[in-house]
Amino acid sequence: MIRNFLGRLGPLLALVLLFLAGSLLSPTFLTSENLLNVLTRSSVIGIIAIGATFIITARGLDLSVGAMAALVAGLSILCMNALLPMTGAVGALILGLLLAFAFGGAAGLVNGGLVVWGRIDAFIVTLGTMGIMRSLITWMSDGGSISLDFALRGVGRPLYYGTVLGIPVPVLIFAALAILGEIAMTRLRFGRHITAIGSNAEVARNSAIRVDRMRMATYALQGLCVGLATLIYIPRLGAVTPSTGMLWELEAIAAVIIGGTALSGGYGRVWGTVAGVLILGLVANILNLTSFVSPHLNGAFQGAIIVIAVFLQRRSTSR
């Protein structure tokens with residue numbers, strides 16, 4: 001009974017404990033400015049993590065999301081800069097947003113096609129495409145950076161820095177996507193089918209579920225989520241470098257696993273992923289606000305959290 005309670009509400013309990021720890025360790029932790037900053041920074045990874053929730057639930061994996069984000073950002077910036085003289089700043093931005101979705105969706109379909117039709121393990125495919133995409137953005141930028149035209153920076157700035165009723169735009173987009181994702185996972189046929197596929201693909205196929213098509217859809221969805229996250233992230237820095245998106249795949253997978261989605265597939269929950277994203281964001285924020293541990297060890301904390309979460313899942317399953 002206690003194990004079931006911790007399994008279901010563990011992420012929420014961890015959030016409460018982190019809030020208590022943060023408020024005790026730093027007087028600025030509970031300020032609205034700090035909390036909104038945490039939410040805004042977490043939204044980019046959160047959007048990607050929602051897509052990862054569906055892939056992992058279907059017993060898939062995508063290690064290329066960070067490199068994909070860098071490549072999508074680079075391609076979108078180049079296209080917007082080229083379109084600027086012909087369409088103006090607003091037109092170039094709108095077309096650039098549409099292109100970012102197109103580039104992200106196409107990259108997701110490439111990954112899905114290699115996994116589903118190529119019959120190659122998802123780990124190998126996405127590890128390979130991660131290297132390819134990271135090399136492409138390095139080549140495109142000549143090892144430097146690709147900068148967004150200054151005329152476009154002002155127009156695109158509200159995508160990251162804008163607010164609606166005091167709430168940052170990225171947070172609103174993340175919240176809306178999380179609600180839609182939770183509905184899709186728990187209420188729609190799509191969520192039920194990918195859960196069945198993750199549990200047992202052969203049984204799902206014998207139940208007239210189009211397994212290959214559904215798995216392709218999860219990778220396409222992941223690509224679209226990467227495209228959306230990239231749209232929000234570009235105005236923040238106004239440029240992309242070969243290191244953009246580095247370790248985003250680690251953060252996204254960590255958030256999904258912390259939230260209770262089974263790494264072995266067959267069970268996923270979007271609300272848990274949202275809690276996992278916030279947990280990682282609060283951990284990083286507390287490390288930055290306090291001097292007990294270097295914030296440079298944030299990646300070590302994320303890696304340790306993944307290992308511990310998977311270990312606890314395996315223990316729970318074996319029992």
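Leaving aside its neighbours within four places in sequence, which residues is Asn-285 in contact with? The third point below takes this up, after some remarks on the model and the chain as a whole.

1. This is a predicted model, in which local features need pLDDT of at least 70 and side-chain atom pairs count only at pLDDT 80 or more, whereas totals for chains, interfaces and linings use all residues. Residues are numbered from 1 along each chain as its sequence is written, and side-chain values use heavy atoms, with hydrogens and water left out.

2. Along its principal axes the C-alpha trace spans about 60 × 55 × 35 Å.

3. As to the opening question, Asn-285 is in contact with Phe-29, Asn-34 and Val-38 once neighbours within four places in sequence are left aside, contact meaning heavy atoms within 4.5 Å. Asn-285 belongs to helix H12, residues 270–289, and counts as buried at 7% relative accessibility (buried is under 20% relative accessible area, exposed over 50%, and partly exposed in between, with a 1.4 Å probe and protein chains only). From Asn-285 to Asn-34 the separation is 251 residues in sequence, and 8.6 Å in space from C-alpha to C-alpha.

4. Ser-42, which is part of helix H2 (residues 32–57), is likewise buried, with a relative accessible area of 6%. With neighbours within four places in sequence left aside, Ser-42 is in contact with Val-277 and Gly-281.

5. Of the 319 residues in the chain, 49% are buried, and among contacts with a separation of 6 or more, 78% are between residues 24 or more positions apart. The largest nonpolar core has 71 residues, and those with the most contacts inside it are Ile-47, Ile-48, Ile-50, Phe-54 and Trp-248; such a core is a set of buried Ala, Val, Leu, Ile, Met, Phe, Trp, Tyr and Cys residues joined through side-chain atoms within 4.5 Å. Apart from it lies another core, of 15 residues, which includes Ala-70, Met-80, Ile-137 and Leu-152.

6. Two loop residues deserve a look at the backbone. Arg-59, in the loop between H2 and helix H3 (65–116), has a positive phi of about 65° although it is not a glycine. Leu-247, in the loop between strand E4 (239–240) and helix H11 (248–258), also has a positive phi, of about 70°, without being a glycine, and its 42% relative accessibility counts as partly exposed. For background, most residues other than glycine have a negative phi.

7. Finally, Ala-304 lies in helix H13, residues 298–318, and is partly exposed, with a relative accessible area of 36%. Ala-304 and Ala-254 are 50 residues apart in sequence, and their C-alpha atoms are 9.4 Å apart in space.

Notes
Helices (H or I, at least four residues) and strands (E, at least two) are DSSP runs, numbered from the N terminus.
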